[in-house]
Amino acid sequence: MLQIIKKIYKSILSEKTRIKLHHIRFFIRGFFYSGSNVTCVCCNKSFTLFLPYGIVKRQNAACPSCNTLERNRVLYLYLRDRTNFFYDKLTVLHFAPENKLEQIFRKMKNLSYISGDINPELAMQQIDIQSINYPDNHFDVIICSHVLGHVPDEPKALSELRRVVKPDGSVIIMTKIYDDLSTTFEASGMQNTENQEIFRKHGKDFPERLKTGGFEVSIIDLGKEVGNLASAKYGLGENDLIYLCKRKA
Ligand SMILES: [Zn+2]
């Protein structure tokens, strides 16, 4: 019965409308978890806890109000506290935008901001990361978080990212690393822990793959850098690394 209701709901409402309704629900949900134990840097509200998330539920993951996850908060804090993202004039391309981050970035007057996704319902523009419809050397910053696992041709995507970022620009990449894999496992028809289709599980060789794609790579472990107390307060998780990629000369 529940499945039938879900099917009708999906057939009546567009994906954009369903996402809006979800976010109204999250906003209301936030009031029930008001507290002071944890703080979401993305919506600037405090709660008793972050909520469990995923098929195999991980604790302290989702913000009760804006539904951002650990990796989204890591990315936001990194951009806010460690880069010029919030004050310099920058041309930005944001792939598969996280709803709350997109809302924030679109309002920032210093940014010339575009979000892109292969699904036109999920971003400002339909953009295939394997064939980016922008000229060479165009963007100061490209954000590509938890995208590369879902792309059929990863080398092509990296080549395109390298082409459209400016020579001194930054490509900020995040992905799930499977710690039990020394090398990336490729196969179609797999699903990740959030029930999404993936083409590969990235292993410990991920930085090497980025280097092969033509980038110098710096790895930033913000959760570790801010320390255990702040990491717990802001719900930064343990394994959400940022791969800061610069074009090799
Ligand atoms: Zn939040």
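Helix H4 (residues 99–106) lies across strand E5 (90–95) and strand E6 (111–117), at about 150° to E6. Axes are lines fitted to C-alpha atoms, for helices over the stretch in contact, and angles run from 0 to 180 degrees between N-to-C directions. Helices (H or I, at least four residues) and strands (E, at least two) are DSSP runs, numbered from the N terminus. This is a predicted model: local features need pLDDT of at least 70, side-chain atom pairs count only at pLDDT 80 or more, and totals for chains, interfaces and linings use all residues. Residues are numbered from 1 along each chain as its sequence is written.

E5 and E6 belong to an open sheet of seven strands, ordered E7-E6-E5-E8-E9-E13-E12, with mixed pairing. Strands E7 (125–126) and E12 (215–220) stand at the edges with a single partner strand each, so one side of each has no neighbour in the sheet. Two strands pair if DSSP finds at least two bridges between them. E8 (residues 139–145) and E9 (residues 165–174) pair in the parallel sense over six bridges. Helix H3 (residues 70–82) lies across E8, E9, E12 and E13 (242–247), at about 50° to E13.

Ile 142 stands opposite Val 171 in E9. Beyond four places in sequence, Ile 142 touches Leu 93, Leu 161, Val 165 and Val 171. Contact means C-beta atoms, placed from the backbone, within 7 Å. Ile 142 and Val 171 are also among the residues with the most contacts inside the largest nonpolar core, which has 54 residues. Such a core is a set of buried Ala, Val, Leu, Ile, Met, Phe, Trp, Tyr and Cys residues joined through C-beta atoms within 7 Å. Buried means 20 or more other C-beta atoms within 10 Å of a residue's own.

Terms used:
Buried ≥ 20, exposed ≤ 12 C-beta atoms within 10 Å, placed from the backbone. Contact = placed C-beta atoms within 7 Å.
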